[in-house]
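Biologist: I am new to this structure and would like to go through it step by step. Please show it first.

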Amino acid sequence: LLYLSKGSEVDTWPLLDCALAQGTDEQKQAAAHTLAEVLAGLNADGLVAMDLRMRATTSMEWSISWRTLGLEDLFAKNLSLAECRAVLVFSTFHPNGYIREQAVAALGTDSQALPAVLLRCNDWVAQVRQAALESLKQLLDTADGGEIAAALPILEKLRRSGRCRMD
């Protein structure tokens, strides 16, 4: 995990999924901290790029039984708000649709997560898109102008998409 926090290649990121899914609380804490550091450095365009890279490189890690794990299993005790947000945001990139669906639903009260929720409005799984749209409705009630402005590049991406019409 120390290697990952020092700017390593994205193809090693599935290790974070393993740490969150099967690690000790200390390993989950380190993974969450790494994710929070990465998330703090991303703007909307960076988040879109990370989403594309994660989907291109993340595998389902055959040794992990994702069907028996829920989103709550990815958290360690005593995570900071930034670390919790980071785990949730990066869970919206997860290869498992159930995890993505739970993550966007959980982000419906965090207006700082607006860009991540918007990305899932174009998810390939209908249930994830629906959960994202429900969260989006909640977030638009609480987001300030700056948070909405920061998400404009993602709104433009959605406008051009075929799955979610934003008309």
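**A walk through the model**

Biologist: Where does N78 stand, buried or exposed?

Modeller: N78 counts as exposed, because its relative accessibility is 73%. Buried means under 20% relative accessible area, exposed over 50%, and partly exposed in between, with a 1.4 Å probe and protein chains only.

Biologist: Before we go on, what kind of model is this?

Modeller: This is a predicted model, in which local features need pLDDT of at least 70 and side-chain atom pairs count only at pLDDT 80 or more, while totals for chains, interfaces and linings use all residues. Residues are numbered from 1 along each chain as its sequence is written, and side-chain values use heavy atoms, with hydrogens and water left out.

Biologist: Back to N78, then. What is its phi?

Modeller: N78 is not a glycine, yet its phi is positive, at about 65 degrees. Most residues other than glycine have a negative phi. N78 sits in the loop between α4 and α5. Helices are DSSP runs (H or I, at least four residues), numbered from the N terminus.

Biologist: On to α8. How many residues does it have?

Modeller: Helix α8 covers residues 126-142, which is 17 residues. From first C-alpha to last it reaches 25 Å, close to the expected 24 Å, where the expected span is 1.5 Å times one less than the number of residues.

Biologist: And which residues of α8 are buried?

Modeller: V128, A131, A132, S135, L136 and L139 are buried in α8. Viewed down the axis, they fall within an arc of 145 degrees, so they line one face of the helix; the arc is that of the directions from the helix axis to the C-beta atoms. Their cover includes α6 (97-106) and α7 (114-120), through contacts (heavy atoms within 4.5 Å). The face turned away from the buried side carries the exposed residues K137 and D141.

Biologist: What does K137 form with E134?

Modeller: K137 and E134 form a salt bridge, with closest N and O atoms 3.4 Å apart. The term means a side-chain nitrogen of Lys or Arg within 4 Å of a carboxyl oxygen of Asp or Glu. Both residues lie in α8, three residues apart, about one turn of the helix.

Biologist: How many salt bridges does the structure hold?

Modeller: There are six salt bridges. One of them joins R85 and D110, with the closest N and O atoms 2.5 Å apart. R85 is in helix α5 and D110 in the loop between α6 and α7, so the pair ties together parts that are 25 residues apart in sequence. Both R85 and D110 are buried.

Biologist: New topic: how many residues are in the largest nonpolar core?

Modeller: It has 44 residues, and L47, L74, V89, F93, L114, L118 and I154 have the most contacts inside it. Among the elements giving two or more residues to this core are α3 (25-40), α4 (44-57) and α10 (152-159). Such a core is a set of buried Ala, Val, Leu, Ile, Met, Phe, Trp, Tyr and Cys residues joined through side-chain atoms within 4.5 Å.

Biologist: What does L47 touch?

Modeller: Not counting residues up to four places away in sequence, L47 touches L39, L42, V89, F93, P115, A116, L119 and I154.
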